[in-house]
Amino acid sequence: MSTNAKPKFAMYWAASCGGCEIAVLNIGEKILDVDANFEVAFWPVAMDAKYKDVEAMPDKSILLTLFNGGMRNKENEEIAHLMRRKSQILVAFGSCACEGCIPGLANFSNQDEIFKAAYESVSTINPDHIRPLSSYEMPEGTLHIPEFNPVLKTLDQVVDVDYYMPGCPPESHQIAAVIDLVIQVLHGEATLPPKGATIGVGNSTVCDDCPRTRNVKVIKEFKRIQLMSEIDDKLCLLEQGIPCNGPATRQGCGALCPQAGAQCIGCYGPAEGVVDYGSRLIAAFASVIDSNDPDEIDRILDGIPDPAGQFYRFSLAGSLLRSGKSAWNQ
Amino acid sequence: MQRITIDPITRLEGHGKIEIFLNEEGDVANTYFQIPELRGFERFCVGRPVEEMPLLTNRICGVCPEAHHMAAAKAADAVYKVDPPPTAKKLRELLYSGFYFTDHTTHFYALGGPDFVMGPDAPVAERNILGVIHKVGLEIGGKVIQARKYGHRIVEIIGGRKVHPCTSIPGGLTKGITEEQRKEIEEIGKWGIDFAHFTLKLFNDLVLGNKTYLDLILGDIYTHHTYSMGMVDENNKVNFYDGKVSIVDPEGTRIGKYAPSEYTDWIAEHVEPWTYLKFPYLKKIGWKGFVDGKDSGVYFATPLSRLNASDGMATPLAQEEYDKFYKTLGGKPVHQRLTTHWARLIELLYAAERIVELATDPEITSPNFHTVPTQTPTEGVGIVEAPRGTLTHHYKTDERGILTEVNLIVGTTNNYAPISMSVKKAAQSLIKKGTVVNEGLLNMVEMAFRLYDPCFGCATHSLPGQMPLQVTIRDSNGNPIEVLKQFC
């Protein structure tokens with residue numbers, strides 16, 4: 001069978017954990033559909049190909065690229081530009097590429113602080129305060145490692161992105177559905193969503209999929225989950241005082257964490273139409289606080305011990321805040 | 001001076017890159033294994049509530065999030081000085097055993113195994129999991145896929161999610177399991193014992209029965225005499241979830257065991273300017289560079305080191321295999337690093353047996369899966385054995401449990417120095433004046449680090465399992481004079 005006739009597919013990881021790749025591999029037999037309908041042109045976890053091979057391809061010769069991981073160093077950015085040039089459709093795949101994810105929390109710190117934590121830690125013996133250098137002369141020759149960026153950027157802060165597919169990681173059934181859609185488009189049986197759309201998701205929030213009962217009851221205090229003697233397994237976690245991110249978070253995972261007794265931490269990013277995730281979540285929390293007394297409201301809000309992390313846990317790098325001030329002060 | 005760059009594109013935690021420098025005679029002068037990525041978890045977790053650490057540090061690695069989830073939960077327990085109820089500890093260990101079962105299966109069939117089942121010199125196109133399935137039969141391929149699914153199923157039942165589990169909190173878990181779920185897990189465990197036995201037999205038939213492989217395994221190329229590390233229970237048997245960390249010297253004498261809270265007495269980390277990853281070593285012995293021996297603080301932390309550092313396995317069938325392992329290889333400790341693949345299968349069997357033990361424990365379905373912490377949070381260390389090495393999480397918090405300091409020594413990091421040494425030794429042994437650098441030879445260099453199942457690494461959990469390499473040999477002006485590639 002000639003493989004040249006098939007459209008090309010690529011998947012790449014920048015600064016990421018590998019969980020997105022595992023989620024794709026977990027789609028099981030759907031992988032065979034990918035194989036039947038696409039020529040896999042570049043996918044480091046699954047097959048061999050080199051940057052040079054991709055560079056040698058004509059521009060726009062890859063139909064679909066799923067790009068995961070954040071832009072942590074110069075090399076990540078270079079490959080983002082390369083994949084943009086070579087791809088017709090570039091998808092920011094997973095939370096890191098879409099909005100920065102957990103590693104984006106590094107944007108509250110500057111490079112010196114990040115390096116100090118790593119290279120002067122309690123178990124590190126480093127009397128000469130050595131730091132990794134992008135270029136270093138050894139007796140045998142010069143050694144290079146990519147330069148660390150002052151902030152972690154999302155994919156669309158570096159290149160133009162066609163679609164966003166959130167989740168940490170995107171759930172396998174959502175990935176399978178997106179692959180089905182693209183195959184239908186290839187066969188002329190469907191059309192692509194408008195550029196800039198968020199795909200592989202629902203249009204509502206995590207709460208819509210959550211089987212827990214909501215009574216729109218208001219709360220007098222926020223609680224730390226480990227300090228609760230009992231958690232009602234039928235009742236909305238937020239109504240029990242647990243700061244659950246469900247109301248601001250996009251539907252897509254099937255409300256996995258709340259069903260396991262754990263609060264939603266927001267990995268699917270902002271719900272449809274929400275510009276800034278943190279602002280929406282603040283509004284959602286404000287709406288369940290049962291008080292009109294400013295002092296009491298302050299006391300209730302003190303029950304959220306880490307507001308920055310609570311409201312921008314996954315979305316800091318892509319949020320309106322973009323990054324903490326200290327990161328820009330280098 | 002000639003320079004060979006091995007740039008393994010396939011990797012998980014950044015791109016591992018190997019630079020091999022040849023001298024004027026064409027022999028290997030030196031090698032550098034560089035890790036070109038840092039994300040900074042130790043910094044940006046500061047300021048976060050400690051109960052979030054099992055969720056945040058999951059995101060260090062999507063292949064072994066279970067290990068970070070567990071180490072973080074145990075460190076958070078320690079921060080609050082709370083002892084989770086027995087059911088919680090057993091459920092966590094059960095989840096973790098399911099994870100080990102999946103992880104070790106993947107490594108043997110997709111990553112390390114193909115080198116042996118197909119042979120290190122086999123055509124690259126066959127040296128992958130598809131080649132393995134072709135050789136051993138499609139039915140077995142189906143079993144491998146089933147084994148991976150089953151392990152993930154246990155993670156999902158107890159951890160709430162297949163990737164990045166979410167149920168461990170300080171003091172225990174957010175949920176328990178039902179009798180129906182318990183039965184499902186028990187059946188998986190029983191199936192797993194058969195599967196592990198089958199896999200050990202496969203290894204026995206294909207590898208131990210083949211003199212060429214045996215010579216390769218027992219030869220000098222892949223041998224290093226360093227300290228061995230591994231977690232053990234109160235009877236000094238291997239344990240993945242809890243216990244003390246045992247260290248034995250290159251002659252097999254146990255030099256000590258440390259509790260998690262004592263790790264800084266034993267472990268220190270060294271920094272080099274040409275890589276983002278640090279080099280842990282034994283503090284009491286000291287950093288002497290990339291050298292073997294009793295005077296060098298270099299240790300390794302893998303399935304093989306865990307067997308070396310223990311007195312045996314806690315389950316009967318795995319113990320039989322443990323005895324056979326050391327009897328066949330001439331006693332403890334074993335230093336021939338390629339035997340790590342065999343040791344990994346003994347751990348696979350142990351994981352399956354442990355799944356059945358825990359799933360049939362009368363306490364496992366108890367609703368008593370959480371203890372509310374009552375003490376003021378301060379400081380704590382949690383250690384588990386990740387498949388790729390001892391994983392240490394160390395947290396300090398303020399009185400509200402907000403993190404003020406975080407230190408992590410991640411599984412693979414333990415092995416950074418030994419991997420670097422193994423790569424250098426393999427390169428020196430295999431690349432000599434007049435030796436043509438060919439694909440099979442490069443694969444044998446690659447085997448030197450694949451046996452550690454490194455997580456920054458390249459070979460780790462890739463499909464179909466062959467780590468692609470490109471080697472560029474450059475003249476003294478940096479111009480490429482030869483490019484060699486190996487493909488899946």
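Predicted model: local features only at pLDDT ≥ 70, side-chain atom pairs only at ≥ 80, totals over all residues.
**View 1. Chain A meets chain B.** Here we look at where the two chains touch: 65 residues of chain A are in contact with 67 residues of chain B. On the chain A side, at least two residues each come from helices α1 (19–25), α6 (111–119) and α9 (256–259), and also from strands β4 (71–73), β6 (135–138) and β7 (141–144). Sorted by class, this side of chain A has 42 nonpolar residues, along with 14 polar and nine charged ones.

**View 2**

**View 3. Chain B as a whole.** Moving to chain B, we find 14 helices and 16 strands. Of its 488 residues, 63% count as buried. Among contacts in chain B between residues at least 6 apart in sequence, 70% join residues at least 24 apart. Its domain assignment gives domain 1 (2–37 + 429–486) and domain 2 (224–335). Seven residues of domain 1 of chain B are in contact with five residues of domain 2 of chain B. The domain 1 side of that meeting place has five nonpolar residues, one polar and one charged.

**View 4. An open sheet of three strands in chain B.** Follow the strands across in the order β12-β13-β14 of chain B; their pairing is antiparallel. β12 (379–386) and β14 (403–409) of chain B stand at the edges with a single partner strand each, so one side of each has no neighbour in the sheet. On average, neighbouring strands here are turned by 10° against each other, direction ignored. Eight bridges link β12(B) and β13 (389–397) of chain B, and B:Val384 has B:Leu391 in β13(B) as its bridge partner. Helix α3 (65–80) of chain B packs on the sheet, touching β12 and β13 of chain B, and its direction makes about 155° with that of β12(B).

**View 5. Strand β7 of chain B and its two partners.** Which strands flank this one? Strand β7 (244–248) of chain B is mostly covered, with four of its five residues buried. Strand β6 (227–232) of chain B pairs with β7(B) in the antiparallel sense over five bridges, and B:Ser228 stands opposite B:Val248. Strand β8 (254–258) of chain B also runs antiparallel to β7(B), joined by four bridges; in β8(B), B:Tyr258 is the bridge partner of B:Val245. β7(B) and β8(B) form a hairpin with five residues between them, and B:Gly252 in the turn has a positive phi of about 100°.

**View 6. Helix α7 of chain B.** This helix (179–208) has 30 residues and reaches 42 Å from its first C-alpha to its last, close to the 44 Å expected. Its buried residues include B:Ile185, B:Ile188, B:Gly192, B:Phe195, B:Leu200 and B:Phe203.

Definitions and conventions
Residues numbered from 1 in each chain as written. Chains lettered and ligands numbered in written order. Nonpolar A, V, L, I, M, F, W, Y, C, P; charged D, E, K, R; others polar. Pairing = 2+ DSSP bridges. Axes fitted to C-alpha atoms, helices over the stretch in contact; angles between N-to-C directions. Buried ≥ 20, exposed ≤ 12 C-beta atoms within 10 Å, placed from the backbone. Domains from an automatic or database assignment. Expected span 1.5 Å × (residues − 1).
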